[in-house]
Amino acid sequence: KHYAVAYSLYSKGNAHSLQTQYMDAMKCYDEAVEIASVALGSRHDLIADIHIAVGNVYLRKCEFDDAKKSYKRAMSIYKAKKYGDNDPKVINILAAISRVKQQEELCV
């Protein structure tokens, strides 16, 4: 039940993010992480997915340091679960971190 609530909040946050309603998205993500952490533990894939979504919001807002922190939180979850460097989840985070670096260079 709690997973469903956390996932629903994560999905709602994604919908807000797509509509550039970033404050509403972040509220949903914060609540989703809180519920998921209690229900599933702090190292669940859903929590990593939420951190990635938060990183994407920060990237869209050009808050690069916060974006990197969020992506690294997700990466730490995947590494703790022993996902290898060739795992699609790890590859996606590395690509996201690379996008942050590219965006930073464009803003100089």
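Helices here are DSSP runs of H or I, at least four residues long, numbered from the N terminus. I'm working from a predicted model.

**Entry 1: S70**

I looked up S70 to start with. S70 is found in helix α4, which covers residues 64-80. Is S70 buried or exposed? Buried counts as under 20% relative accessible area. S70 has a relative accessible area of 1%, so S70 is buried. Then I asked what S70 is in contact with, leaving aside its neighbours within four places in sequence. I found H51, V54, G55 and Y58.

**Entry 2: the length and sides of α1**

Next I checked helix α1, residues 2-18. At 1.5 Å a residue, its 17 residues should span 24 Å. Its end C-alpha atoms are 24 Å apart, so the two agree.

Which residues of α1 are buried? I noted A6, L9, Y10, G13, H16 and S17. They cover an arc of only 120° around the axis, which means they sit on the same side of α1.

**Entry 3: α1 against α2**

I compared the two axes. The axes of α1 and α2 come within 8 Å and cross at roughly 160°. Over 145 degrees counts as roughly antiparallel, and therefore α1 and α2 are roughly antiparallel to each other. Their crossing is left-handed. On the α1 side, the residues making the contact include H2, A6, L9, Y10, G13, H16 and S17. On the α2 side, I wrote down Y22, A25, Y29, A32, I35, A36, A39 and L40, among them.

How far apart are H2 and L40 in sequence and in space? They are 38 residues apart in sequence, and 8.3 Å apart in space, C-alpha to C-alpha. Not counting residues up to four places away in sequence, H2 touches I35 and A39.

Most residues other than glycine have a negative phi, so I went looking for exceptions to that.

T20 follows α1 and is found in the loop between α1 and α2. Phi of T20 is near 55°, a positive value in a residue other than glycine. Exposed counts as over 50% relative accessible area. T20 has 54%, so T20 is exposed.

K82 is another one, with a positive phi near 70°. Where is K82 placed? K82 is in the loop between α4 and α5, the latter being residues 88-106. Its relative accessible area is 72%, so K82 is exposed.

**Entry 4: α2 against α3**

Last, I took the next pair of helices. The axes of α2 and α3 come within 9 Å and cross at roughly 160°. That makes α2 roughly antiparallel to α3. α2 passes α3 in a left-handed crossing.

Notes
Residues numbered from 1 in each chain as written. Predicted model: local features only at pLDDT ≥ 70, side-chain atom pairs only at ≥ 80, totals over all residues. Heavy atoms only, no water. Helix = DSSP H or I, 4+ residues; strand = E, 2+ residues; numbered from the N terminus. Buried < 20%, exposed > 50% of the residue type's maximum accessible area, 1.4 Å probe, protein only. Contact = heavy atoms within 4.5 Å. Expected span 1.5 Å × (residues − 1). Arc of directions from axis to C-beta. Axes fitted to C-alpha atoms, helices over the stretch in contact; angles between N-to-C directions. Parallel < 35°, antiparallel > 145°, perpendicular 65-115°, else oblique. Left-handed = near helix turned anticlockwise from the far one by under 90°.
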